[in-house]
Amino acid sequence: MKKKQILEASKVLFNHKLNKTGLNSLNHLEAKNFDEAYCIQNELKLHYLTLKNNICIGKKIGCTSKAAQSQMNVTEPFYGNLFSKYSAQNINKLNSKNFFEPYAEPEISFRVREDIDISKAPYSIDNIKNLLDGILCSVEIVDFRFQKKISDIGAMNLIST
């Protein structure tokens, strides 16, 4: 996939997010592998960072169970970015008009003390616990861009968004 297609795919996804609209497919702009999907995700992150009062506040990890990986036809978890504009603490009411197609997912969140030095990986349970500042229950409101069942969306599209 060429840089021009990656930029175009990220722009399409960003515009659909801002307009709270869905799409059937990215067609020729769809990522074919993890590298392309993460390149689109990185460009999309740059678009999100142009929004007023918006910063990247962390990462999320998807497909952490073997069942989810099987459903999405992958063999490992994948990650994405979390942004302040699309996050809130202690909120008990959401306006569904702010989403295209929202789904609620219960999550476990970890608050990390400081950036993790990946060069020291893999971490054991003994040394990872010192990196954490807290464990929280949370709810993720997933707002899919694609007008398909999750298993038909595909992992590369989920990573891209």
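**Aromatic pairs**

I searched the whole structure for aromatic pairs and found five, a pair being two rings of Phe, Tyr or Trp (its six-membered ring) with centres within 6.5 Å, called stacked if the planes are under 30 degrees apart, edge-to-face if over 60 and tilted for the rest. I looked up Phe 14 and Tyr 48, which form an edge-to-face pair, 5.5 Å centre to centre with 70° between the planes. This pair links distant parts of the chain, since Phe 14 is in helix H1 (residues 3-19) and Tyr 48 is in helix H2 (residues 34-48), 34 residues apart; helices here are DSSP runs of H or I with at least four residues, strands are E runs of at least two, and both are numbered from the N terminus. Both Phe 14 and Tyr 48 are buried, where buried means under 20% relative accessible area, exposed over 50% and partly exposed in between (1.4 Å probe, protein chains only).

I must note that this is a predicted model, in which local features need pLDDT of at least 70 and side-chain atom pairs count only at pLDDT 80 or more, while totals for chains, interfaces and linings use all residues. Residues are numbered from 1 along each chain as its sequence is written, and side-chain values use heavy atoms, with hydrogens and water left out.

I also found that ring pairs link Phe 14, Tyr 48, Phe 83 and Tyr 86 into a cluster. Lys 17 lies over the face of Tyr 86, at 4.4 Å from the ring centre, by the rule that NZ of Lys or CZ of Arg is within 6 Å of the ring centre and within 35 degrees of the ring normal.

**Asparagine 81**

I find Asn 81 in strand S2 (residues 78-83), and I note that Asn 81 is buried, with a relative accessible area of 10%. Its side chain makes a polar contact of 2.5 Å with that of Lys 59 and another of 3.5 Å with that of Gln 41; such a contact is a pair of N or O atoms within 3.5 Å, and within protein one must be able to donate a hydrogen and the other to accept it, with residues adjacent in sequence counting only if both atoms are side-chain atoms.

**Cysteines**

I searched the whole structure for disulfides and found zero, taking a disulfide as two cysteine sulfur atoms within 2.5 Å. For Cys 56, the nearest cysteine sulfur, that of Cys 39, is 16 Å away. I looked up accessibility too: Cys 56 is partly exposed at 28%, and Cys 137 is exposed at 80%.
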